Amino acid sequence: MIQAMVAAGEISDPEGPRGRLLNAAARLFQQQGFARTTVRDIAGEVGILSGSIFHHVKSKEDLLCEAMLEVTRVARTRMAAAVAEQQGARDRLRACIQCELEAIHGFAVPGFPILVSEWRSLSAANQKRVLAEREQYEAIWLEVLAERPENTGVSDPHLARKLLLGALSHTHNWFKPRGRGLSLDRLAAEALLTVWPQSSPTTK
């Protein structure tokens, strides 16, 4: 899946110079914050000179923007593939929730939380670029949420998505997926119940 995206030119090769740079930047921006992460930090993580970064981007902020674009494209492709594998509408929604939780908690898509935590670090122009990419990711969510039967949880797909987005994003602050107790799979199942109770009629 990822290799197909690389071949199509949609994302950078994760093992190539640009891909390694973007992945390292996303991880460090998530761990340390954009303001506290220096170009030297990122260069050291990748094993290059600081000045070499500017062969790929114009500034540290542009690096953040490119990292966000890459994160969004990878997340969209993973989710689209997971949704396509499901037969029923409820299972497709569960797949969306599962994919987003996996990304938030570091099981896939390195640096995914920066899409929320570092949003204000972008200029208006770069926010517009990321939003355009983000809309394609959100379109998958809205299409799947629209498949729910009538009278199933929150009726409006846009509102249901906003409520889910807030709830799922906030789990980054309290959920410990590698600890004992609530598993990520169980968390996904419980989140699904908020927008599609199990007792509701199902659709194919």
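A nonpolar core is a set of buried Ala, Val, Leu, Ile, Met, Phe, Trp, Tyr and Cys residues joined through side-chain atoms within 4.5 Å, where buried means under 20% relative accessible area with a 1.4 Å probe and protein chains only. The model is predicted: local features need pLDDT of at least 70 and side-chain atom pairs count only at pLDDT 80 or more, whereas totals for chains, interfaces and linings use all residues. Residues are numbered from 1 along each chain as its sequence is written, and side-chain values use heavy atoms, with hydrogens and water left out.

**Nonpolar core**
- The largest nonpolar core has 59 residues, of which Leu 63, Leu 93, Ile 97, Phe 112 and Trp 141 touch the most other members.
- The largest share, 12 residues, comes from H4.

**Glu 118**
- Glu 118 is found in the loop between H6 and H7 and is buried, with a relative accessible area of 10%.
- Leaving aside neighbours within four places in sequence, Glu 118 is in contact (heavy atoms within 4.5 Å) with Phe 29, Gly 33, Phe 34, Leu 64 and Met 68.
- Glu 118 and Met 68 are 50 residues apart in sequence, and their C-alpha atoms are 9.3 Å apart in space.

How values were computed: Buried means under 20% relative accessible area, exposed over 50%, partly exposed in between (1.4 Å probe, protein chains only). Helices (H or I, at least four residues) and strands (E, at least two) are DSSP runs, numbered from the N terminus.
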